[in-house]
Every structure is written in C-alpha cells, then in structure tokens.
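This briefing goes through a few local features of one protein chain. Keep the sequence and the structure in view while reading.

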Amino acid sequence: KKKIPQNEKIIKIVNKNPFTVSSINSRVEAFNKMTKFNVNQVPIILKKKIIGIFTLEDILSKKEIDNIFFLMSGGKGLRLGKLTKKIPKPLLEIGDIPIMERIILKAKAEGFKNFISSVNYKKQSIIKYFQNGKLWGVNLNYIKENENRPLGTAGSLGHLKDIHSPIIVSNSDVLIDINYSDLLDFHNKNNSEITLVTKINETRSSFGEVKIKNKRIIELIEKPILKKIVLTGVYVLNPSIIKKIKKNIKLDMTDLIISNIRARKKVFSYLISEDWIDIGNHQSLGYAKKNFK
C-alpha cells in the first residue's frame, strides 16, 4: 500500500462517495451494502452528520431465532407480462438483488436462519439460484407444488410437519421495512393465533364526495383521500392453525383467515407505518427500484 504523509491534505485522500445509510432503522440496508461491496462498517449519516455506525460484527452477532420463515414463491406474476415469462417474480432484481434474496437477507440480519419456500411456477430457477441457502448462511428447504395443481396462497402450509412454534409467512414479492423479530414478539405477547401485518393505504378519489342529510347537500368534498387498512402479505401463524390445513388441498390465505375469524380464533392486526411495497405490477416494480436501495 502507498504510504500517505502525515501532513497530507485530507481533501486528497478522503472518500467522496462513501457507502452510508440514513437511519438507525436501516440495519438491513447496511447489511446488504456490506455484503455487496465487501465492507465491514457503514456509517449512519443524517443531515450531513454522523449519528452512528453499523458494523458487520454487530449485525451477525444478533441472537439466532429458530422459528421458521416461510416464503410463498409459487405465483406466476402474470400482471408483469413479459418480465416473468423467462424468470419467476421472486428472482426479479431490485438494485441488482432479487426480491426473494432481499427478504432472506433482511430476515437473516435479524437472526432468522430456518427458511422454507413453496415453489411452483419455474421452480427450478428458484431452486438453482438459492439451492440449500448455504451461500447466504441459512437453511433453505422447499415444498414443490405440482404445476398442474397449484395450492393457492396458503395450501402449501399443509405440507409442514413437526411445527412447534409460530412461523412467519411472507409472500416473495413483498418488500417491507419492519423488524420481523418485533412482529414475532407482538404475536407471542398477545397470545395471538394469527397475526396479520397491516398498513393504512391512502388513495385519492377520482370524484367529489357529496354528503346529504334529508335530501339536502350539507357538504361537498373535492376528491377526498380514502383510507383503508390493507393486508401486506406478511403473517404469523400458530402451529395449531397450520395443523388444521389439509395436505394437497387448494387454500388461499384470505379464506384461511376468514374461517378462523368466524371460528372466533385470536386474529390480531400488527399495524405498521413503515415502507411497504407489494410488487405485483409494472408501477409497483418501478417504485421499488426507485425507493429500495
């Protein structure tokens, strides 16, 4: 290495394009940058000031979590047209990293190590890319669906055996900036049987809203913002719920949830304010590429 004189001006040696993150909650982003660029520290910069630093040692020393992290990866991604004709949606890249890999890296950074993925459409591409997960330092197994008999968004859970603790279930096209271990803690502390990660979704109406009382218009609101609480595609399920799912029977997650609500099971909402994107169409894919580093 070239020796730098002690009296050298810092402007000549400083790195003008460092790898940084902007929040103490950006642990996963920092971990992704360390992995991609082979660095061991990433500073946290806010308003041009250093407010902290992430180190690879701190992230990897996080306590391991034995609970299974289940990835639903069998969808065809039809709304993305030509993009998913050759590769399955979980392998579409956001910032040079496939969506599913981002989810695995995020969960791993929080201590999860045991992963199962249900695969169907172009399943060999997913299996070939991730194999047994060893390259990512995790254990990854697969439930291989019959391409002619898809099991829906929850049916593959019927193939799980010897489940003794709650599992996290995530669609493989969902990027969400939450702490999965905090979600698990919430589920356990509330003695929940199913926990749904939810978010308030705001959309602006294309029409003016008219409020009427006794045929008289009392208020007119021009294109109001409509707020609805929506599912994010991330869940926690107790073993007792999973054991009741029949093997090789098609079942969608919404139907599973509705049936348990009607059976008066404890179904809780984990309402978030963090960033979330369900990559189901070209618009959401474009948003993800622009906003998720």
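This is a predicted model: local features need pLDDT of at least 70, side-chain atom pairs count only at pLDDT 80 or more; totals for chains, interfaces and linings use all residues.

**A buried asparagine and its surroundings**

Asn120 has a relative accessibility of 6%, so it counts as buried, the cut-off being under 20%.

**Asn120 and its loop**

- Asn120 sits in the loop that runs between strand E6 (114-119) and helix H6 (123-130).
- Which residues touch Asn120, apart from its neighbours within four places in sequence? The contacts are Ser73, Gly74, Glu145, Asn146, Glu147 and Pro150.
- Gly75 is 45 residues away from Asn120 along the chain, yet the C-alpha atoms of the two are separated by 7.0 Å.
- Lys122 also lies in the loop between E6 and H6.
- Lys122 has a relative accessible area of 27%, and therefore counts as partly exposed.

**Helices H2 and H5**

- Two packed helices are described by the angle between their axes and the distance between the axes.
- For helix H2 (residues 27-37) and helix H5 (residues 99-109), the axes come within 9 Å and cross at roughly 110°.
- Because of this angle, H2 is roughly perpendicular to H5, a description that applies from 65 to 115 degrees.
- The crossing of H2 past H5 is right-handed.
- On the H2 side, the residues that meet H5 are Arg27, Val28, Phe31 and Asn32. Their partners in H5 are Arg102, Leu105, Lys106, Lys108 and Ala109.
- Sorted by class, this contact of H2 with H5 contains four nonpolar, one polar and four charged residues.

**How covered is H5?**

- How many of the eleven residues of H5 are buried? Ten are, and the helix is mostly covered.
- The buried residues of H5 include Ile99, Met100, Ile103, Ile104 and Ala107.
- Arg102, Leu105, Lys106 and Ala109 are also among the buried residues of H5, and each of these meets H2.

**Positive phi values**

- Asp96 has a phi near 70°, which is a positive value in a residue other than glycine.
- The place of Asp96 is the loop between strand E4 (93-94) and strand E5 (97-98).
- Is Asp96 buried or exposed? Its relative accessible area is 56%, so Asp96 is exposed, the cut-off being over 50%.
- Lys122 likewise has a positive phi, near 50°, and is a residue other than glycine.

Technical notes: Residues are numbered from 1 along each chain as its sequence is written. Side-chain values use heavy atoms; hydrogens and water are left out. Axes are lines fitted to C-alpha atoms, for helices over the stretch in contact, and angles run from 0 to 180 degrees between N-to-C directions. Helices (H or I, at least four residues) and strands (E, at least two) are DSSP runs, numbered from the N terminus. Angles under 35 degrees count as roughly parallel, over 145 as roughly antiparallel, 65 to 115 as roughly perpendicular and the rest as oblique. A crossing is left-handed if the near helix is turned anticlockwise from the far one by less than a right angle, and right-handed if clockwise. Contact means heavy atoms within 4.5 Å. Ala, Val, Leu, Ile, Met, Phe, Trp, Tyr, Cys and Pro count as nonpolar, Asp, Glu, Lys and Arg as charged, and the others, Gly among them, as polar. Buried means under 20% relative accessible area, exposed over 50%, partly exposed in between (1.4 Å probe, protein chains only).
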